[in-house]
Amino acid sequence: MSEYWNDIFGGTKSLLVGLGITAREFFKPVVTEQYPWEVPVMTPRFRGHIELVKNAETGKPNCVVCGMCMRSCPSGCITLAGKKPEGEKKKVLTQYELDFTKCSLCGSCIESCNFNAIQFSKDYNLASTRKEDYLFDLLKRLEEQS
Amino acid sequence: MTAPIRCREDETFVLNLGPQHPATHGVLRVKLTMDGEYVVKAEPVLGYIHRMHEKMAEDRTFAQFMPNTARMDYLHALAYNHGYVLTVERAAGIEVPERAEYIRVITVELNRLTSHLLWWAAFLLDLGGFSPLLYAFDDREQILDLLERVTGSRLTYCYFRFGGVYNDIDDDFITGTRNFIKRLRSRLPRLYHDLVTKNIILIKRLKDIGFVSKEQCRKYGATGPLLRGSGVQFDIRKNEPYSVYPEFDFDIPVYDEGDCMARYMVRMDEIEQSMRIIEQALDKLPDGPVRAKVPKILKPAAGDYYAAVEAARGSFGCRLVCNGDKSPYRLKLRSPTFSNLSLFGEVAEGMLLADALAFMGSLDLVIPEIDR
Amino acid sequence: MDTSIWRPILYLIGFMAFAGVNAAWLGWAERKGAAHIQRRNGPKEVGPFGLWQPLADGIKLMTKQLLIPSGTDDILFRIAPILAMIPALTSMVVIPFSGNIQARSIDMSVLLIFALASIGMFAILLGGWASGNKYAVISAARVVSQSIAYEIPMLITVITIVMITGSTNLQDIALAQQGGFWHWNIFRLEGGHFVYMWIAFLIYFICSVAETNRAPFDMAEAESELVAGYMTEYGSMGFGLFMMGEYLNIVVGACMTTILFLGGWGSPFGFLPGIWWFLIKIYILIFTIIWIRWTYPRTQIYKLLNLSWKILIPFSLVNLLVTAAFIKVF
Ligand code: SF4
Ligand code: SF4
């Protein structure tokens with residue numbers, strides 16, 4: 001019987017306390033970010049899809065077409081090709097494609113690159129209904145950026 | 001009161017709970033044989049999100065498997081990272097710098113907090129309370145922001161590396177974490193306990209519901225808060241210590257009741273213990289490198305290796321068989337929820353539908369981890 | 001009473017408009033209230049403060065195809081949503097908004113309203129049954145047992161009111177409470193009824209929340225158990241009508257609580273009585289119901305029946321006896 005009364009009085013009290021808490025929250029300011037109007041700033045380590053890094057002096061990509069990134073990628077997202085122009089020692093990148101549909105943003109490629117040639121972009125506003133939109137031509141992207 | 005009225009076999013009907021159902025939080029399907037609102041038989045059906053992680057490991061190098069580990073239990077991804085790197089480090093005999101160990105512990109515990117907060121939120125949603133969900137998400141968001149600053153991702157982390165971690169933490173992270181712990185400490189008693197834990201409706205719904213005995217836990221190999229809620233003090237962090245856990249002073253919450261309320265309380269107490277661990281780790285954090293020199297392609301000696309860690313849902317074990325090659329010969333992953341779910345059928349028998357779902361919520365299921 | 005043809009027509013239009021506006025904008029109020037309790041913004045894009053959101057939602061619902069899944073009972077499936085709206089609308093006829101704003105003053109209006117409320121329950125039962133969906137059928141069965149369990153204490157407390165005021169006409173009940181809050185049934189000084197009437201008020205309020213299937217008693221919709229309960233198979237305006245019916249039931253419930261316990265249109269201080277007081281009171285009640293919904297977790301069907309049979313019904317019976325004793329003694 002005492003449990004019965006306990007349930008009634010203790011229970012009612014707990015319910016009133018609950019109402020008090022939500023009432024106080026009601027008058028507190030909103031904490032959500034109003035996304036399309038307020039755009040979040042990505043942290044420096046944010047992992048977007050990868051992009052090529054341009055050499056500050058030559059304006060060409062840093063990449064020396066060693067293929068390490070391609071081999072280290074667990075999902076095989078990277079396709080690259082290069083050729084050696086006449087009279088030059090180093091290979092020049094002719095194609096660098098990223099299949100972002102398969103990328104898991106693990107960072108293996110970036111870690112395995114010894115030439116600081118790729119980095120994570122800060123691009124997070126990606127949306128599309130077509131798969132093909134995620135086959136990035138990173139070389140073209142680099143050219144467009146400059 | 002929960003004893004079902006005995007019925008005739010032909011008066012039951014089959015209710016398909018899932019694979020798309022709000023309470024199964026994913027693609028779990030439970031085939032329920034019902035008598036009115038009573039569950040006569042419950043059979044979990046798995047396989048809707050099987051991705052063959054174990055097989056994938058066999059044709060990847062050791063490092064290439066890292067991203068997979070984060071995609072099993074996506075709510076406590078860092079513990080899975082940890083379990084896997086621990087096994088490989090044992091296999092290859094890699095020493096981890098002390099600072100890296102501390103960073104691992106701090107981030108894993110932060111991640112455990114997010115996991116428990118999300119469980120709390122989702123559990124309350126199962127019970128029909130919506131506002132607590134958003135209060136917990138508010139807190140969880142703070143941790144995700146912190147972790148994003150160091151790891152670069154918010155959910156499926158790929159932060160640990162063999163012999164250390166991907167990159168170092170900075171002072172902003174340390175002060176941010178301290179502030180967060182202060183904030184959570186101040187919010188826990190009011191928004192979590194006064195609003196929910198002490199609420200009569202919640203107590204009535206969880207007390208004496210879903211009783212799991214020690215024997216059942218033993219029979220099905222249940223671990224984690226489920227086991228500790230049934231009165232067994234077992235936590236890999238204490239019982240088979242790994243990393244730098246022995247250096248911290250923390251308790252393993254144990255409740256004897258074995259009902260949903262006990263499991264609820266175990267998790268709520270674990271939130272506090274995790275905060276204690278993080279604080280101590282931040283105090284003791286040594287200087288030094290965060291990553292040992294490790295060859296790019298690992299080729300551990302042939303052999304059989306095992307390591308286990310305590311993830312938010314129980315013990316995650318990783319058994320690695322190597323044949324001296326650059327990829328595993330076989331990798332067996334033991335995920336806690338698979339075992340925890342298998343006792344659902346036995347315990348849910350004779351329960352009301354609403355109670356069975358409350359019980360399911362208290363198991364804290366993450367489906368991709370069950371199916372791997 | 002004026003018997004010209006215009007009066008019923010005007011009232012019809014007026015009440016329909018009142019009901020429509022409420023059904024639409026209470027949805028907005030609920031979303032806004034929930035959002036702020038959870039420290040979000042809620043609807044804010046369509047119009048100032050998202051005020052035109054209900055219109056956008058309505059257009060969306062109306063342009064959607066009314067889908068009738070195979071295996072359903074076609075006719076019942078179509079009737080159910082309409083049946084959910086009509087009783088709530090009809091109840092408006094007898095509700096006195098103020099001394100002279102009332103379509104019809106009927107002697108048995110209290111009974112009429114409870115009879116209509118039970119029909120609302122049938123709409124859910126029919127909808128759930130006709131859907132041919134197992135979740136919907138479970139939900140329908142829950143609604144019936146819940147409704148029966150909560151109508152009993154509700155009616156018993158109403159009997160105490162009828163005993164005190166000596167009338168089953170809502171107009172008379174409200175008139176008996178005019179002139180200051182100490183005349184309201186909940187705090188009634190005269191006859192010493194204030195000693196226990198607040199308990200009756202609580203019982204009645206809990207029951208009216210349960211009758212309208214609102215959280216924490218929303219057994220019928222329990223989205224984490226029964227997907228969407230009886231509404232699982234409904235889309236487009238069928239769903240819209242059920243939603244509107246639910247909000248109208250809340251309005252009717254709040255009106256009844258106001259008239260029975262809170263003095264109807266009477267002002268709390270004894271001056272300026274009028275429809276504004278009535279509206280203020282019902283919206284305070286409605287907001288409380290919204291507030292409750294977004295605070296508590298849901299109960300479980302057996303706990304809910306326990307609450308009714310073990311706590312509310314005994315209390316309301318004792319309450320009835322005490323009322324009788326008070327009336328006899330004082
Ligand atoms: S590893 Fe670096 S340098 Fe080598 S191919 Fe890839 S991006 Fe170019
Ligand atoms: S981030 Fe990982 S998955 Fe993505 S391209 Fe680089 S190596 Fe491949």
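From the N terminus on, the elements of chain A follow the order α-β-α-β-β-α-β-β-α, which amounts to 4 helices and 5 strands, where helices (H or I, at least four residues) and strands (E, at least two) are DSSP runs numbered from the N terminus. The radius of gyration of chain A is 27 Å, well over the 15 Å that the globule rule gives for 146 residues, so chain A is more spread out than a compact globule; this radius is taken over C-alpha atoms, and the globule rule is 2.2 Å times the number of residues to the power 0.38. The model is a predicted one, in which local features need pLDDT of at least 70 and side-chain atom pairs count only at pLDDT 80 or more, whereas totals for chains, interfaces and linings use all residues. Residues are numbered from 1 along each chain as its sequence is written, chains are lettered from A and ligands numbered from 1 in the order in which they are written, and side-chain values use heavy atoms, with hydrogens and water left out.

Taken along the principal axes, the C-alpha atoms of chain A fill a box of roughly 95 × 35 × 30 Å. Of the 146 residues of chain A, 35% count as buried, a class defined by under 20% relative accessible area, with exposed set at over 50% and partly exposed in between (1.4 Å probe, protein chains only). Most residues other than glycine have a negative phi.

Around ligand 1 the shell consists of A:Cys63, A:Val64, A:Val65, A:Cys66, A:Gly67, A:Met68, A:Cys69, A:Leu80, A:Tyr96, A:Cys113, A:Phe115 and A:Ala117, a residue being near a molecule if one of its heavy atoms lies within 4 Å of it. This shell divides into 11 nonpolar residues, 1 polar and no charged, under a scheme in which Ala, Val, Leu, Ile, Met, Phe, Trp, Tyr, Cys and Pro count as nonpolar, Asp, Glu, Lys and Arg as charged, and the others, Gly among them, as polar. Ligand 2 is surrounded by 13 residues, the closest of which are A:Cys73, A:Cys103, A:Ser104, A:Cys106 and A:Cys109, and its shell comprises 9 nonpolar, 4 polar and no charged residues.

Chain B has 15 helices and 8 strands. Its radius of gyration is 21 Å, close to the 21 Å that the globule rule gives for 372 residues, so chain B is as compact as a globular protein of that length. The C-alpha trace of chain B spans about 65 × 50 × 30 Å along its principal axes, and buried residues make up 63% of its 372 residues.

Helix 3 (residues 77-92) of chain B has 16 residues and reaches 23 Å from its first C-alpha to its last, close to the 22 Å expected at 1.5 Å a residue, where the expected span is 1.5 Å times one less than the number of residues. This helix is mostly covered, with 14 of its 16 residues buried, and just after it B:Gly93 takes a positive phi of about 65°. A positive phi, of about 60°, is also found at B:Asp364, although this residue is not a glycine; B:Asp364 lies in the loop between helix 14 (353-363) and helix 15 (367-371) of chain B and, at 4% relative accessibility, counts as buried.

B:Lys41, placed in strand 3 (residues 38-45), counts as partly exposed at 42% relative accessibility; B:Lys41 and B:Glu346 are 305 residues apart in sequence and 8.1 Å apart in space, C-alpha to C-alpha. B:Asp208, found in the loop between helix 7 (200-206) and helix 8 (214-220) of chain B, is exposed, with a relative accessible area of 64%, and B:Asp208 and B:Cys260 are 52 residues apart in sequence but 7.2 Å apart in space, C-alpha to C-alpha.

Chain C has 11 helices and 0 strands. The radius of gyration of chain C is 20 Å, close to the 20 Å that the globule rule gives for 330 residues, so chain C is as compact as a globular protein of that length. Its C-alpha atoms fill a box of roughly 65 × 45 × 45 Å along the principal axes, and 54% of the 330 residues count as buried.
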